[in-house]
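I set out to read this structure from the overall fold down to single residues. My entries are kept in the order in which I looked things up.

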Amino acid sequence: MPSSVDNEDYKFQNRIGSRNTPSGSPSVVVPNNIDVAQLELETHQAQNFNDAATMKCRGAWMVKGSALSLNTHNRIRNIVEALKINPNPQKSMIPLSIGDPTIFGNLKAADETMKAVLRSVESCKFNGYAHTQGHEASRVAVAKYSAHQRIGGEIDPNDIVLCSGCSSALEYCILSLADRGQNVLVPRPGFCLYHTLTEGLGIEVRYYDLLPELNWRADLKQLESLIDENTAALLINNPSNPCGSVFDKEHLLQLVDICERHYLPIIADEIYEHFVFPGSRHVAVSSLTREVPVLSCGGLTKRFLVPGWRMGWIIIHDQYKRLGNAIIGLKNMCGRILGSNTIIQGALPEILTKTPQSYFDGVIGVLYSNAQLAYKLLKQVRGLNPIMPDGAMYMMIGICFERFPELKDDTNFVEELVNEQSVFCLPGSCFEFAGYMRIVLTVPSSMIEEACLRIAEFCEVHYKKDIRDQIEENLLDNPQINY
Ligand SMILES: *Cc1c(COP(=O)(O)O)cnc(C)c1O
């Protein structure tokens, strides 16, 4: 009998089988080409198992979330949802908290970027599954676009893995390098996603400190002291969210040196690689070493202002094949969800070559002038210490808590700031760095200005002069009093 007929029989019996079976008991389907005795035996065993399970623990609904899912937390969401906020109804809300540059409409994707997607749809060529690493032509495009990351400049398209956003790129890298019980070194302050991706799996994150007084360079001694035989990778985020700092070549070489001495691969979150302000330059860490393997994670999200398109990638830099079977593992990871969105893959070659430089310059111009404006206004505010960023789209602002004794900590500070002034900043705790708050620089500049004036007013209201200030003022007011 031809197999197609066989299949027809199977489907037919399947339908009859389910219709004739009283609801609640499993339907037994007997394809006519299977040993019936064997099937009965298996069915019998399955039913026994079900009965036993029912008697033991199935007396009621007892669905449980998996350990992984229950141990996965997004710190920003948790902290923000727990805040007690009640914006001042007299003042319009200014959210300086949201890391999505598209929400205010002042920053838009380039026409060329969007047209590339229209053409991808119209071609009808990108509706099917792609290779799990991504279509060849799309990977060739990313390889060319990223050639500056490689000594020698040539990247093999097999070294490119297309992912659903940079987040999924980071997830694949971490999961292919680290097992339960191992640890990954991540920056503090740092993007909370690293923690979200690892904790449920029992992979430990160990925080190395970034030092605000040194332009947010890593504390190399402390970093090196964290490394042990279970350290799977060093994760660096350059330029940094939330700091907006950009590591120079010298500092990157220091980090590479540590990795070389400890045989540690680097996961480089370089999603902001092109978001660098005039006067600074981003150097890809992979361009500085052949010795240390680097998995560089990037994507369209920030530079092209299309976070919702979920297109990111991993570039594997491993010239001496030191990642061994971790590369097989990494490629296996792609099989879990069968690759990323193919419509955007189809558009990638055009997006990456046709979006004009003037567009990128315009976006950087907005970010930079917002950074300068916010810095200038906040620098004058007593009790605050803004740190001028060199890139990315954020600014960290230190808060001198001795000067604000009524405000307990950074979360309390941002709560009261919303309640009084309807300006919402993210507390540093979201990035493991209490004592600071982070603002985004992607909002319209009129909003930045208004927000900074309100922050200044808030700080003036809560600012507590110290004894010396009071003595000086009293002396001026009442020169006859002798202290
Ligand atoms: C925004 C961001 C990402 C995530 O990018 P997606 O492409 O949206 O997944 C990764 N790392 C950092 C540091 C980010 O700020």
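**Overall fold.** I began by noting that this is a predicted model. I counted its secondary structure as 16 helices and 14 strands. The protein has 483 residues, and I found 38% of them to be buried. I then turned to contacts with a separation of 6 or more, and recorded that 73% of these join residues 24 or more positions apart.

**The ligand shell.** I listed 13 residues around the ligand, and those that come nearest are Gly-165, Cys-166, Ser-167, Asn-241 and Thr-301. Which helix gives the most to this shell? I found that it is α7, residues 165–177, with three residues. By type, I sorted the shell into seven polar, four nonpolar and two charged residues.

I looked up the annotation next. The unreviewed UniProt entry marks Lys-302 as a modified residue, N6-(pyridoxal phosphate)lysine. I located Lys-302 in the loop that runs between β8 (294–299) and β9 (312–317).

**Helices α14 and α15.** I next examined α14 (residues 410–421) and α15 (residues 445–462), whose axes come within 10 Å and cross at roughly 110 degrees. I therefore describe α14 as roughly perpendicular to α15, since angles of 65 to 115 degrees fall in that class. On the α14 side I found Leu-417, Glu-420 and Gln-421, and on the α15 side Arg-454, Ile-455, Glu-457 and Phe-458. I sorted the residues of this contact into three nonpolar, three charged and one polar.

**Ser-422.** I placed Ser-422 in the loop between α14 and β12 (423–424). Its phi is positive, about 55 degrees, although Ser-422 is not a glycine. I counted 20 C-beta neighbours inside 10 Å, so Ser-422 is classed as buried.

**Tyr-263.** I noted a positive phi here too, near 55 degrees, in a residue other than glycine. Tyr-263 sits in the loop between α10 and β7 (266–269). I classed Tyr-263 as exposed because it has 12 C-beta neighbours inside 10 Å, and 12 or fewer is the limit for that class.

**Cis peptide bonds.** I found another joining Asn-241 and Pro-242, with omega about 20 degrees. I located Pro-239 in the loop between β6 (231–237) and α10 (249–262), and Pro-242 is likewise in the loop between β6 and α10. I had already listed Asn-241 among the residues that come nearest to the ligand.

**Gln-182.** I classed Gln-182 as partly exposed because 19 other C-beta atoms lie within 10 Å. How many residues separate Gln-182 and Asn-230 in sequence? I noted 48, while their C-alpha atoms are 4.7 Å apart in space. Not counting residues up to four places away in sequence, I recorded that Gln-182 touches Ile-203, Asn-230 and Ala-232.

Definitions and conventions. Residues are numbered from 1 along each chain as its sequence is written. This is a predicted model: local features need pLDDT of at least 70, side-chain atom pairs count only at pLDDT 80 or more; totals for chains, interfaces and linings use all residues. A residue is near a molecule or strand if its C-beta atom, placed from the backbone, lies within 6 Å of it. Helices (H or I, at least four residues) and strands (E, at least two) are DSSP runs, numbered from the N terminus. Ala, Val, Leu, Ile, Met, Phe, Trp, Tyr, Cys and Pro count as nonpolar, Asp, Glu, Lys and Arg as charged, and the others, Gly among them, as polar. UniProt positions are given in the numbering used here, feature names are shortened, and annotations may be inferred rather than shown by experiment. Two residues are in contact if their C-beta atoms, placed from the backbone, lie within 7 Å. Axes are lines fitted to C-alpha atoms, for helices over the stretch in contact, and angles run from 0 to 180 degrees between N-to-C directions. Angles under 35 degrees count as roughly parallel, over 145 as roughly antiparallel, 65 to 115 as roughly perpendicular and the rest as oblique.
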